[in-house]
Amino acid sequence: RSLQLLHDMLREKELAVQKTSDTLSACRLRSKMLAKQLDHVDMEIEREEEAGNVAAVSRLQAMSSRLCTELEREKELELRIALTLNQNLAEMWQIETEQGKYEILREQLQKDEEELQMQYQEGREVRIWKEKITARQAEGKRRTREKREEEARREYEERNKKLLEDAKRNHEKAVCFLRQSTARIREKNAKEEVKAREHMERRIQAVLSLKTSITSNRERLQTLQTLNKAKALEAEKEEMKMREAIRAEGGNVIREIFLHKRQQEHEKKKEAFRELQKSRKMEIVSRILQEKASARKQKKSQSPAKAVKVRGKLGDPLLQRGEAWQYSEETCKHADAEIPQLYLQALCSFTKAVALSISLARDVLWESGDEEAEGDKTLLVPEFPGLWSRQYDLHKGPKAEDPTRLAVRAMRKEVAEKQTEKLQTGILHRQTAPGREQKGGAFHSKPSCIHFKDFEVGQIYKKKIILTNASYSVNYCRLVGISEWLKDFISVQFDPPGKMSSGMSCEFLVTFKPMINEGLEGEVMFMAQTGSFSVPLKCTVKTCILALDKELIDFGSLVVGETISRPISLTNSGALGTRFR
């Protein structure tokens, strides 16, 4: 490497000397040309002086002075270039002398390189010889593999021939079985086609009947819709007239309309309840008549002693029904307070009337001894009819709901509206669940404390807080405000979610814009259905919190003259740096 470096330096110096010598020769050539031009200008000056041309003489003298200065510059440049050339030559000669000192080493290096090339050549020959041996071995393996593949191919061909012969024999057997099975399938298909035609004919008849019923029901529905529209228009006209009359009298329009609608709904429910009473009375009377007829039929076929037992057995379910109606009367008395008192009274009076009719029917059954021939009526009728005994019409509208259920639904709606009004006006109450009462806050916040830690003045910080309804029923929540001393720095973005079921959550965003480097504390206040609650808010500045990892330095037991060391760590867990000693 050193010899190569000397050689490169010698080449560079040779190039530098060559370049410097070329520059020096060019400089000398320019100097000769300037000297010739100066001589020529001097001759021109003498000629013009003899001719008396003063302007030409002055111009030529200026040219002569300029050429003199250029000639001096060229000579100075020539001297510098010559000095540089001499220095380069000296350095080149010095490098050549240094290179001459290592001439023996260069020759030794050339010999070593030749020997290394010889070793490389021998290594290549050995590697080529090994590769040839490997190639011969691979060729032998390839030939043996080809032989094995040829043998496997022959065995595969023989096995395929056997398989083809077996397949031909099996195919002949399968064709025979297939012909027999196809004959059986054709017979079966013919029978199924006959059944399918009959079924299709029945379905066509059913579709035609359904089509006729749909068209008739559609016409009936259209007429009902037109009647309903006409009734709705009449109701709207009556409502408008009522509004105008109330306004003319100076009353509260909304309240009067609401009371009128409530009265109409109440009348409808009463009418529906009366209809339900009538239908149930008719059903009970028909059941009593059926049982009376069946009792007479059995009395005709059995002896008088057995007839007495039958009447006793018949009385038992009647007694059970009377007890059931009495139990329903008691349940009516102890029902939930949400059911209106009017429906409770009507239901209790209805149960009394039914119980009375049951007792009368029982007396009639026991006292009557007439015999009636009822061929189709038996006692094998279920006491309570099930779904299997009813024919449902797809085009028939849903049946009217039980008036007690309607009353419960209306009362629950009223309670919800009253709770909303109480929440809006600030009137609150406790929430209770079956067997337990709401304790603690109605809403839980996550996190429980809004903490802006290590803030910097001029920055903006935001935090999202989640409020969860921890009460046992539907609750409401609205934002009241924040502490007075936080209004310049804290802003809260909260969209009221409305009704929130138990376990549901809502979010609000708190934005903090610090203007002073001081700690702040306060709270964000809310109002719920069960009372007011608040979420604490804290803003702390950057502080330094220094702490040691040990409270006691214990060196334990040691020998006199022994040295023991214990490391102690001082940690700053705060956000503000500090000095210590």
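Reader: Where does F580 lie?
Author: F580 lies in the segment after β12 (570–572). Strands here are DSSP runs (E, at least two residues), helices are DSSP runs too (H or I, at least four residues), and both are numbered from the N terminus.

Reader: What sort of model is this, and how are residues numbered?
Author: It is a predicted model: local features need pLDDT of at least 70, side-chain atom pairs count only at pLDDT 80 or more, and totals for chains, interfaces and linings use all residues. Residues are numbered from 1 along each chain as its sequence is written, and side-chain values use heavy atoms, with hydrogens and water left out.

Reader: Back to F580. Buried or exposed?
Author: F580 counts as exposed because its relative accessibility is 61%. The cut-offs: buried is under 20% relative accessible area, exposed is over 50%, and partly exposed is in between (1.4 Å probe, protein chains only).

Reader: Which nonpolar surface patch is F580 part of?
Author: One of about 770 Å². L546, L548, I553, F555, L558, I568 and L570 make it together with F580. Patches take residues with over 30% relative accessible area and no salt bridge; nonpolar side chains (Val, Leu, Ile, Met, Phe, Trp, Tyr) are joined within 5 Å, like charges within 9 Å. Areas come from the Shrake-Rupley method with a 1.4 Å probe, and for residues only the protein chains shown count as cover.

Reader: What does UniProt list for residues 546–581?
Author: The unreviewed entry lists "domain: CFAP74 second Ig-like" there. UniProt positions follow the numbering used here, feature names are shortened, and annotations may be inferred rather than shown by experiment.

Reader: How much helix and strand is in 546–581?
Author: The chain there is 0% helix and 17% strand. The end C-alpha atoms are 12 Å apart.

Reader: New topic. How many salt bridges does the structure hold?
Author: It holds 19. A salt bridge is a side-chain nitrogen of Lys or Arg within 4 Å of a carboxyl oxygen of Asp or Glu.

Reader: What do E91 and K13 do?
Author: Their side chains meet in a salt bridge, 2.3 Å from N to O. This pair links distant parts of the chain: E91 is in helix α2 (residues 54–101), K13 is in helix α1, and they are 78 residues apart. E91 is partly exposed because its relative accessible area is 33%. K13 is partly exposed too, at 22%.

Reader: How far apart in helix α3 are R169 and D166?
Author: They are 3 residues apart in helix α3 (residues 103–249), so about one helical turn separates them.

Reader: What does E507 form with K464?
Author: A salt bridge, with the closest N and O atoms 3.8 Å apart. E507 sits in strand β8 (residues 505–512) and K464 in strand β5 (residues 461–469), 43 residues apart. K464 is exposed because its relative accessible area is 54%. E507 is partly exposed, at 45%.

Reader: Which residues are linked in a network of salt bridges?
Author: E139, R142, R143 and E146.

Reader: Which residues form the negative surface patch?
Author: D39, D42, E46, E49 and E50. Asp and Glu count as negative, Lys and Arg as positive; His and the chain ends are not counted. A charge is placed at NZ of Lys, CZ of Arg, CG of Asp or CD of Glu.

Reader: Where is D42 found?
Author: In helix α1 (residues 2–51). D42 is partly exposed because its relative accessibility is 32%.
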